[in-house]
Amino acid sequence: MDRSADACRILESTDIGSQKDRVVTEEEWLQKWEMGNTGFHKEQGHPLLRKYLDVLLSGRSGLRIFFPLCGKAVEMKWLADMGHTVVGVEVSEQALKEFFSEHSLPYCEEPVPEISGAKKLQSTSGNISLYCCSIYDLSSYVSLMITLMEKNSSYLLVTVSYDPNKHKGPPFYVPESEIKSLFRDCCEIKCLQKVDDFSEKHRQWGLDYFLEVLYILKFVA
Ligand SMILES: C[S@@+](CC[C@H](N)C(=O)[O-])C[C@H]1O[C@@H](n2cnc3c(N)ncnc32)[C@H](O)[C@@H]1O
C-alpha cells in the first residue's frame, strides 16, 4: 500500500476550515527570529531542493534565482557558489545578517528608494542580493514592472481620471503625480493621450467626467 499517496488523499479531503483565517503576522515572524524559534530553518538545506536541483536548473547556468521568504536559507549560498545570481526577500533583518555571518560573507547595506524602510543587503562579490522588506512591498506592481524592464524598454500604462470625491472606485483614480513619484527615478514619463471615456455607467456613479490617460514610460536607469 502506498501510504504517502493515502496521506495525500487524507490531506486533500480535510477541511481547512480551522486554518482558513490563520495568519502568522510579520511581527510573529520577527519574534520567532529574535527568540531563536527557527525550527523551520534547515542547516543542511532542504533535501528535496538538493534532490530536484537538476530538474530546476535543467542544465542552465548563470541564472537569476529568486528566493521569496528566504530566511537564511543555505541553498542561496550553494546556488551562488555554482555561479548563479541570487535575489532573496525576507522581513527579518536578523535572519539576513545571520546568513551573511554564518557563511563568512562580507556584505554592504543600502536603502531601497522605491520601498519605504526597505534595505538591500548585498554580498561584496555582488551575486547575492537580499531585500529586507515584506514580500508584499517588493512584489507590488511597480517594483515588478521595474524588474521586468530592461534599459530602453517601453511600457504603456493606462490610468483613469475622475473626481475621487464623487466615486470611491474601483477603478481607482491614479493622479499623474503618483505615476511620477513611482516611476520617475528610473523612467522618462510621457503622457500620450487623455481619452474621454465617459458613459451612462459613470453618470450613475455620480461622475460628470471620466478620462483614460495613456502614458509611455521609457526605462532609462
Ligand atoms: C518558513 S520560513 C523560511 C525559512 C528559510 N527557508 C530558512 O531556511 O531560513 C519563512 C520566512 O519568511 C519570512 N516572512 C514571513 N512573512 C514575510 C513577508 N511578508 N515578507 C518577507 N518575509 C516574510 C519569515 O521571517 C521567515 O524567515
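Predicted model: local features only at pLDDT ≥ 70, side-chain atom pairs only at ≥ 80, totals over all residues.

User: How many bridges join β4 and β5, and in which sense do they pair?

Analyst: The pairing of β4 with strand β5 (residues 128-132) is antiparallel and runs over four bridges.

User: And how does β4 pair with β3?

Analyst: Strand β4 (residues 119-123) pairs with strand β3 (residues 107-111) over five bridges, again in the antiparallel sense.

User: Which residues stand opposite Lys119?

Analyst: Pro111 stands opposite Lys119, and in β5 the bridge partner of Lys119 is Cys132.

User: Switching to helices. Which residues of α5 are buried?

Analyst: In helix α5 (residues 93-102), the buried residues are Ala95, Leu96, Phe99 and Phe100. Viewed down the axis of α5, they fall within an arc of 135°, so they line one face of the helix.

User: What covers them?

Analyst: The cover over the buried residues of α5 includes the strands β2, β3, β4 and β5, together with the helices α2 and α4 (75-81).

User: And what is on the face turned away?

Analyst: That face of α5 carries the exposed residues Ser101 and Glu102. After α5 comes Ser104, with a positive phi near 50°.

User: What about α3, buried or in the open?

Analyst: Helix α3 (residues 47-57) has 11 residues and the number buried is zero, so the helix lies largely in the open. Ser58, which follows α3, has a positive phi near 35°.

User: Now the ligand. Which residues come nearest?

Analyst: There are 17 residues around the ligand, and those that come nearest are Trp29, Leu69, Gly71, Val91 and Ile135. The elements giving two or more residues to this shell are α2 (26-35), β2 (85-90) and α6 (135-138).

User: How does the shell divide by class?

Analyst: The shell around the ligand has nine nonpolar residues, with four polar and four charged ones.

User: Finally, the whole chain. How many helices and strands, and what share is buried?

Analyst: The protein has nine helices and eight strands. Of its 221 residues, 15% are buried.

User: And what share of the contacts is between residues 24 or more positions apart?

Analyst: Such pairs account for 53% of the contacts in the protein with a separation of 6 or more.

Conventions
Residues numbered from 1 in each chain as written. Buried ≥ 20, exposed ≤ 12 C-beta atoms within 10 Å, placed from the backbone. Pairing = 2+ DSSP bridges. Near = placed C-beta within 6 Å. Nonpolar A, V, L, I, M, F, W, Y, C, P; charged D, E, K, R; others polar. Arc of directions from axis to C-beta. Contact = placed C-beta atoms within 7 Å.
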